[in-house]
Amino acid sequence: MRRGFDPDAAPKGLTFEQQISAAWAYHVKGVDQHTLAALYGVNQGRIAVACKSVEVALTDPRAAYNAPQQAAQNATPQED
């Protein structure tokens with residue numbers, strides 16, 4: 001283990017707000033998913049799931065009801 005690295009302090013996932021802002025940066029601004037993953041300090045797969053969830057919520061009319069519940073399930077609560 002590296003000196004000064006605390007694995008318990010590493011982010012485990014994205015909050016709901018971070019998912020939305022990451023998806024916005026990817027879909028609207030064109031920022032690469034690997035760049036967003038590095039900025040948020042998470043695995044690129046977490047960014048991909050956030051982007052896909054928002055895309056489905058915006059394009060699939062059947063997802064309108066399930067989108068908030070789905071995003072809340074994928075979000076990780078913030079620890080203070």
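These legends walk through close-up views of a predicted model. Residues are numbered from 1 along each chain as its sequence is written. Because the model is predicted, local features need pLDDT of at least 70 and side-chain atom pairs count only at pLDDT 80 or more, while totals for chains, interfaces and linings use all residues; side-chain values use heavy atoms, leaving out hydrogens and water.

**View 1. Helix H2 crosses helix H3.** Let's start with H2 (residues 33-40) and H3 (residues 44-59), whose axes come within 8 Å and cross at roughly 115°. Helices here are DSSP runs (H or I, at least four residues), numbered from the N terminus. Axes are lines fitted to C-alpha atoms over the stretch in contact, and angles run from 0 to 180 degrees between N-to-C directions. The two helices are therefore roughly perpendicular to each other (65 to 115 degrees). On the H2 side, look for Gln-33, His-34, Leu-36, Ala-37 and Tyr-40; they meet Gln-44, Ile-47, Ala-48 and Cys-51 in H3 (contact means heavy atoms within 4.5 Å). These residues divide into 6 nonpolar, 3 polar and no charged. Here Ala, Val, Leu, Ile, Met, Phe, Trp, Tyr, Cys and Pro count as nonpolar, Asp, Glu, Lys and Arg as charged, and the others, Gly among them, as polar.

**View 2. Helix H1 packs against H3.** Now find H1 (residues 16-29), which packs on H3 at an angle of about 80°, with the axes 8 Å apart. H1 and H3 are therefore roughly perpendicular as well. H1 brings Gln-19, Ile-20, Ala-22, Ala-23, Tyr-26 and His-27, and H3 brings Ile-47, Ala-50, Cys-51, Val-54 and Glu-55. By class, this contact has 8 nonpolar, 2 polar and 1 charged residues.

**View 3. Ala-25 sits buried in H1.** Is Ala-25 buried or exposed? Ala-25 is buried, because its relative accessible area is 11% (buried means under 20%, with a 1.4 Å probe and protein chains only). Not counting residues up to four places away in sequence, Ala-25 touches Gly-30, Val-31 and Leu-36. The C-alpha atoms of Ala-25 and Leu-36 are separated by 8.1 Å, although these residues are 11 apart along the chain.

**View 4. The largest nonpolar core has 11 residues.** Its members include Leu-14, Ala-25, Leu-36, Val-42 and Ala-50. Such a core is a set of buried Ala, Val, Leu, Ile, Met, Phe, Trp, Tyr and Cys residues joined through side-chain atoms within 4.5 Å. H1, H2 and H3 each give two or more residues, and the largest share, 4 residues, comes from H3.

Note on methods: Angles under 35 degrees count as roughly parallel, over 145 as roughly antiparallel, 65 to 115 as roughly perpendicular and the rest as oblique. Buried means under 20% relative accessible area, exposed over 50%, partly exposed in between (1.4 Å probe, protein chains only).
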